[in-house]
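Please examine the sequence and the three-dimensional structure shown below. The paragraphs that follow discuss salt bridges.

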Amino acid sequence: MTKSELIALLASRNTQLAPKDTELTVKTILDAMTTALENGHRIEIRGFGSFSLSTRASRIGRNPRSGEKVHVPAKQVPHFKAGKELRERVDNAFLAQQPNS
């Protein structure tokens, strides 16, 4: 699902809100989450999951074209861990789609 699809879905479910208000709300939430991660904070949404930063150490990589060794610097990358409720809902939906064996 893309951001525009999410906005359209939320707008259709909340007809009392103007589509522009729904778009602004989604953008505001995503901007706040991005800013929190930029500042090194952890984000936890109960029942959904948590976002945190993981540190990747520097390493020596290889350029796939030339085979030349390249230094890859250390960096922080976002990491998402699904919450228990989300994992259970996804698993139950998956099991419901499977033919009975």
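Is Glu-44 buried, partly exposed or exposed? With a relative accessible area of 43%, Glu-44 is partly exposed, where buried means under 20% relative accessible area, exposed means over 50%, and partly exposed lies in between (1.4 Å probe, protein chains only).

The model is predicted: local features need pLDDT of at least 70, side-chain atom pairs count only at pLDDT 80 or more, and totals for chains, interfaces and linings use all residues. Residues are numbered from 1 along each chain as its sequence is written, and side-chain values use heavy atoms, with hydrogens and water left out.

Glu-44 has a charged partner. Its side chain meets that of Arg-46 in a salt bridge, at 2.6 Å from N to O; the term denotes a side-chain nitrogen of Lys or Arg within 4 Å of a carboxyl oxygen of Asp or Glu. Arg-46 is exposed, at 71% relative accessible area. Under this rule, the count is four salt bridges.

Attention now turns to helix H2. This helix spans residues 19-38; helices are DSSP runs of H or I with at least four residues, numbered from the N terminus. Within helix H2, Lys-20 and Glu-23 stand three residues apart, about one turn of the helix, and form a salt bridge whose closest N and O atoms are 3.7 Å apart. Glu-23 also forms a salt bridge with Lys-27, at 3.1 Å from N to O, and these two residues lie four residues apart in helix H2. Lys-20 is exposed at 62%, whereas Glu-23 is partly exposed at 24% and Lys-27 is partly exposed at 34% relative accessibility.
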